[in-house]
Amino acid sequence: MDYLENLNPQQKEAVLAPPGANLVLAGAGSGKTRVLVHRVLRLLDDGMAPNRILAITFTNKAAGEMRERLFASLGEGAKGIWVGTFHAVCARILRAEAEAAGLSPGFTIFSRGECLTLVKRCMAAANISEERYPPRSVLDQVGRRKTSSAEAEDAEPAPFSIDATALKITPAYERALREAGAVDFDDLLARPLQMFRRHPEVLRKYQERFEEILVDEYQDTNPAQDELVAVLSRAHGRVFAVGDDDQGIYGWRGARVENILDFERRFAGARVFRLEENYRSSGAILGLASRIMGEAGARHEKRLFTRKPQGEAVCYLAAANAEEEAEAVLKRLIESGAGGEIPWGDTAVFYRINTQSRALEEAARRRGIPYQVVKGQRFFDRAEVQDLAAYLRLLIRPDDGAAFSRIVNRPPRGLGPERLKAIAREDAPGVTTAAAEAALDEGRLRGNAAENLRLLLDTLKALASLRAGPARLIEEVLERTGYRAWMEGAVRGSASAERRRAAARAMEGAKEFIAAARAFEARIIEEEGVSPESDEARTLFLEELALMGEADELSGESGALSLMTLHAAKGLEFAAVGVVGVQEGLIPHGRSKDASLDEERRLLYVGVTRAKRFLCLSWAKERRPDGKKDSWATQSSRFLDGLGSELIKRVGDHAPPQRRAPRGFRAPRDAGDSRYADILAQEKAAPPRKEKSAPAVSPAALGPFAPGARVRHKKFGLGVIRAREGTGDGTTVSVEFENAGPRKLVLKYAPLSPADEGVDGGENRAV
Ligand code: ATP
Ligand code: MG
């Protein structure tokens, strides 16, 4: 095996770097991931045993690809290598060291959906309003405290904040996890660190074991992950990290770009390698990408060049609404060769928030384009998948109360919440199998309900004793528990069309679940030599499901257009790419404050740099906030303002629409993206201020945008504010522009600055 094949001199140097701390810090598409894979090949070639190498990727999908590449090059020789995400690697360590970590060996990993259910339950018990404190944000914050640095952990939360709520429910939340014998995602990172502190001998074992630790996408590590790398590498001092500070896009989830920027200081004697040739994108695409980043704040100066042809100009489409936008982008992709010379499998459209996929899906269906929505974790959150997973969990651990409560009445068995009260014991959370047995023995339940419960318990016992792999077990669960008959009944007999559709989707979901289980079985036989029929396989399968990340597609359908969020697109590449919703309110996202604006810019950079040959950006003048009737008007993204036609070809009318956003409008928020919810919640939760009927505010209090002030607009130039109306987000100003005439603008979105501060100064930060 020639591990230096297809590498340029800079890349070779990095692959050949002597043992120690090495960092490859380089721009998008410069071959960082390739260097990391080749470094592993080199270590193996040098004779390092596979099980002494720990390679950490950002998604399970990336881990899978790396494993495949290694197996393709080395076959049996790659067996035993540790490749996975931080979460997967930590789960494996915890599983092996359960006792030292204070966990039972069969511990469960709760998916995000399950954790959310727990948070909601804890909030309800403490009488905390979900309206004011979105449970997702509370859950994020509970997690952030577990995986942040010590100082942040001790920080006093602001009153009425999400943080304060998170702190309040944490004890109940942790108790519930413990009682369910479960850990959450953040525990996976925090628990090993705790264990290493308490049991230095366990740490020593892993320190000695992992001779070299390799980490991809280092810029998106959080403090806990960074510390894991630091402590685990202490014995051999060998870390090989690659990343790009321009691609840090998970700050809102607690990632710290500083981890990569401070690498040289933290790992003494670290060498830094830079790569400058981009092998991915055309000249036009790379030119735009460099200009987008050229405007960003603190960053490492990086040069990137490409020898690829200049290629087609990047286009920026303006459409009337999201439907037309989707249609126009797909049309452009087809014109550029998608579906013909470029297979659909090598194309993608990215968006900022999940709900944007709907318009794209509809447009793709209309045109008969094969597509897949890359959804990962969201698959696991589907009701039928969680039900089936709960059945599997019960087969491993009959005392899993959360799982039993979930499935006891699915399909319906006349065992609704009221009946369950007769079974539950005061002191136990949920209803366990044992409690159900006891209730039957003591005659606390009678009639049909009792018969059904007896049948369920017998079925579970029979299933548990089956020798079968996860795929067959799921099939048996579907048959023997009446779950399949229930779904089929709903598809045929339900009066509501919506129900019939939901049931049909559930049947699809169940099928996909079985397919995923089959793929899993094939893999563990080949790679780990584990029998699919063993108890271990059942546990590993559930673990894999729970660990699925955003970018991990279950049944990776090839040959289809991929639809995914910009966050999920990291590290990937496609021949032709569309990015929709490149506009104020989405990119940058509605509530971005100064600090996160740079992150929003990086997100656009990540999207742009995924494209190899063709790239089309777009925005829609009118967009419907999810599920609401009102639509709102918006304008093109500030990140593309002022870029000339040599960089970007504008198509359509890009002038901002003149409609006013409805008062009190908020930018759409996706359920999965809660980073601004904190700010929202603080606003909502603040003690109500007395509304003054006629606000007598002095001009000084209105800052630089009081009536009479001279202002500068990025497009319209100089003008004078004539009037100002409304408060907060709904504030509008009427401006008389010297050249563009009178305009009414929403202050929050208008690129206005005080006239004497220059074009880029103080962009309406005062509001
Ligand atoms: P990102 O920052 O997006 O993660 P990256 O720096 O990890 O990008 P890779 O994905 O490793 O970049 O490489 C980008 C593309 O360039 C891939 O298709 C890869 O196969 C190709 N490539 C990398 N190095 C070379 C090389 N020396 N010769 C030819 N192609 C290369
Ligand atoms: Mg990469």
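Here, Ala, Val, Leu, Ile, Met, Phe, Trp, Tyr, Cys and Pro count as nonpolar, Asp, Glu, Lys and Arg as charged, and the others, Gly among them, as polar.

This is a predicted model, in which local features need pLDDT of at least 70, side-chain atom pairs count only at pLDDT 80 or more, and totals for chains, interfaces and linings use all residues. Residues are numbered from 1 along each chain as its sequence is written, chains are lettered from A and ligands numbered from 1 in the order in which they are written, and side-chain values use heavy atoms, with hydrogens and water left out.

**View 1. The shell around ligand 1.** Count 19 residues around ligand 1 (a heavy atom within 4 Å), the closest being K32, Q247, R280, E573 and R610. They split into three nonpolar, ten polar and six charged.

**View 2. Polar contacts to ligand 1 (N or O pairs within 3.5 Å).** Polar side-chain atoms of Q11 and Q247 each come in at 2.8 Å, Q11 to a nitrogen atom of the ligand and Q247 to an oxygen atom. N6 uses a backbone N or O atom instead, 3.2 Å from a ligand nitrogen atom.

**View 3. A five-stranded open sheet.** The order is β20-β19-β18-β17-β21, with antiparallel pairing (strands are DSSP E runs of at least two residues, and a pair needs at least two bridges). Six bridges tie β18 (residues 717–725) to β19 (residues 732–737), and V720 has E736 in β19 as its bridge partner.

Note on methods:
Polar contact = N/O pair within 3.5 Å; in protein donor to acceptor, adjacent residues only side chain to side chain. Helix = DSSP H or I, 4+ residues; strand = E, 2+ residues; numbered from the N terminus.
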